Amino acid sequence: MNYREELLEILQDINSEADYETCQDLIGEEVLTSFEMVMLVAEISQQLGISIPPDQIVPENFRSVDVICELLERLAEEE
Amino acid sequence: MLLVSYEFLFFLAVLLALYYLLPGRFQWPLLLAASVLFYLSGGAFAIVFLITTTVTTWFLALRLEAMTERAAARVKELGLSGGEKRAFQAAVKQKKKRVLIAGLILNFGLLAVLKYTNFFLGNVDVLFFGGSGEGPYVDWLLPLGISYYTFQATGYLIDVYHKKIHAQKNLARYALFVSFFPQIVQGPISRFDELAAQLTESRRFDWLTIRLGLMRMLWGFFKKLVAADRIAPAVAVIVQNPDQYQGIYVWIGMFAYMLQMFADFTGGIDIVIGAAQLFGIRLPENFNRPFSSRSLAEFWRRWHMTLMRWLREYIFFPVSTSRASQKLSGAARRFLGKGAGRRAPLYFASVTVWLITGIWHGASWNFVAWGLANCAVLLISQECSPLYRRFCSRFAWTASRGYAAFEVARTYLVFCMIEMFEYYSFDVVFSMFGSMFFGIRPWQFSGELAASLGLSAADWIVVGLSALLMFAVGLAQRDGRSVRERIFALPGWQRFFVIYGLFLAVLVLGVYGQGYDASQFIYNQF
């Protein structure tokens with residue numbers, strides 16, 4: 001399943017002015033801060049029913065929207 | 001053995017000679033022996049606690065890895081798949097979690113008992129005996145570096161639990177990771193995957209690396225001996241007498257205190273990182289020009305970075321994704337709406353982290369208040385960020401250098417003001433705020449009161465010039481290039497002038513002398 005649309009919607013809800021779609025280094029460019037990461041994880045858990053374990057909350061898994069989608073697909077498969 | 005002592009320099013020189021004379025396979029055992037010797041020099045008994053932490057985390061990590069391997073083999077052997085496999089893995093995870101929790105309780109329990117017993121007894125005294133101060137207080141010495149090595153060792157245990165790294169089978173190699181002598185004093189707190197392999201590599205003498213290490217140490221000595229220790233008496237006088245030193249003195253005290261803390265802590269870390277570099281070991285950086293931050297959140301990403309990384313990875317994210325957080329999020333969503341549901345884990349995890357950060361910095365309610373004040377400012381900033389972004393997009397001048405400078409000054413001021421909670425009760429802090437803004441009379445800084453700060457005009461000039469030099473180095477680091485490498489690339493006489501100038505400054509302007517206790521580093525007390 002592709003979560004891209006839902007994910008973008010959640011991200012826009014957190015910060016409507018950030019350019020999530022094209023940014024390839026959300027963490028390095030500080031588009032996504034650790035506070036926003038926590039809100040994103042909470043929202044994903046509530047809206048998509050996917051729990052992201054703390055050991056998966058690492059910069060490499062939140063680099064871009066596509067990378068976050070891959071993480072969600074992997075976790076959904078495991079669940 | 002203090003990092004700023006002749007004993008330490010002698011110890012380092014002998015060790016360095018031996019290290020590069022010995023064949024590679026003996027180098028890391030030598031570092032371990034030196035680390036044990038260094039630790040013993042601070043008192044023999046404390047090493048019992050270091051050994052306890054080392055052995056328990058080493059043993060439990062091995063046990064965790066064995067459980068993981070056995071479970072994988074069992075899944076293969078029984079040909080489990082789908083739901084059966086998941087159920088089996090969940091059961092194994094529960095068992096592993098129990099082992100991990102046992103290790104964490106044991107080690108943080110030790111830290112808590114040794115560091116916080118008097119804090120606990122003090123509260124009992126106030127609650128039940130009216131705070132007479134005559135309660136049954138204990139007289140325990142805090143083992144050197146206990147907060148740092150406990151965090152480093154438990155971080156390793158958690159990483160093995162999460163299968164991020166493999167457990168170290170060799171106890172001696174692991175013991176070196178926990179006790180490596182320069183960093184055990186005041187950090188930085190390293191991760192196993194970034195440090196352990198470096199410690200046991202064999203190395204050849206490389207003059208360039210040694211030169212860079214020595215230069216870093218020299219810069220650390222300058223900050224500590226010339227700036228931090230020279231301003232220290234004035235800071236102590238102002239901080240201890242808030243009722244006497246009002247108005248302009250609050251500002252002077254605040255700037256002097258921050259200068260002392262910055263020079264002391266970053267200077268100490270420079271010495272630690274430089275000393276490790278002499279052996280070809282690269283420790284993680286702990287600071288990234290913190291006073292150029294434009295917000296408090298950015299400041300905390302640049303100050304004491306390895307502690308904040310530890311708290312983020314091992315407390316903030318796990319708490320925010322815990323079952324309790326998820327329940328809180330669900331309840332907040334049902335009763336207060338979607339936004340509250342999204343924020344609930346953030347608030348819960350932030351308050352937890354800042355309570356821990358506060359109490360880590362000191363066993364008193366003042367530090368709890370300091371932690372919560374930081375937390376409040378960070379969360380309010382987060383809530384205001386959409387408004388702030390709109391404000392910035394509307395007014396072009398917010399992109400100017402002047403506005404950036406204003407933001408840097410504002411962050412500095414906010415941080416300094418929050419620092420006051422470490423020392424004073426709420427009423428004193430608020431009276432000082434009032435006096436800072438409404439009670440300034442510049443002419444107050446003269447006469448007897450100014451003289452009572454214990455610094456001569458020459459001292460103020462030395463402190464001022466040191467601050468300017470640190471500021472200039474900070475500016476030179478803006479592009480990310482190493483200042484030391486640039487100094488070594490200078491033509492001969494210029495290089496000579498800079499290096500020997502700094503060396504002479506430490507010798508001539510450093511605070512030494514009889515009766516002077518080459519003062520402890522502020523961050524040694526954790």
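**Conventions.** I count residues from 1 along each chain as its sequence is written, with chains lettered from A and ligands numbered from 1 in the order in which they are written. As the model is predicted, local features need pLDDT of at least 70 and side-chain atom pairs count only at pLDDT 80 or more, while totals for chains, interfaces and linings use all residues.

**Chain A.** I looked up its elements and found three helices and zero strands (helices are DSSP runs of H or I with at least four residues, strands are runs of E with at least two, and both are numbered from the N terminus). The order along the sequence is α-α-α. I then checked the radius of gyration, taken over C-alpha atoms. The value for chain A is 11 Å, close to the 12 Å from the globule rule for 79 residues, so chain A is as compact as a globular protein of that length (the rule is 2.2 Å times the number of residues to the power 0.38). The C-alpha trace of chain A spans about 30 × 20 × 20 Å along its principal axes. I noted that 29% of the 79 residues of chain A count as buried (buried means 20 or more other C-beta atoms within 10 Å of the residue's own, exposed 12 or fewer, partly exposed in between, with C-beta atoms placed from the backbone).

**Where the chains touch.** I found 21 residues of chain B in contact with 16 residues of chain A (contact means C-beta atoms, placed from the backbone, within 7 Å). On the chain B side, helices 11, 12, 13 and 14 each give two or more residues. Helix 13 of chain B gives the most, with six residues.

**Domains of chain B.** The assignment gives domain 1 (6–204) and domain 2 (210–525), with bounds from an automatic or database domain assignment. Their centres, taken over C-alpha atoms, are 27 Å apart. The contact between them takes 24 residues from domain 1 and 23 residues from domain 2. Among the elements giving two or more residues to the domain 1 side are helix 4 (82–129) and helix 5 (146–161) of chain B.

**Two helices of chain B.** I checked helix 5 and found 16 of its 16 residues buried. Just after helix 5, K163(B) takes a positive phi of about 60°. In helix 4 I looked up L127(B), which counts as exposed because it has 9 C-beta neighbours inside 10 Å.

Terms used: Two residues are in contact if their C-beta atoms, placed from the backbone, lie within 7 Å.
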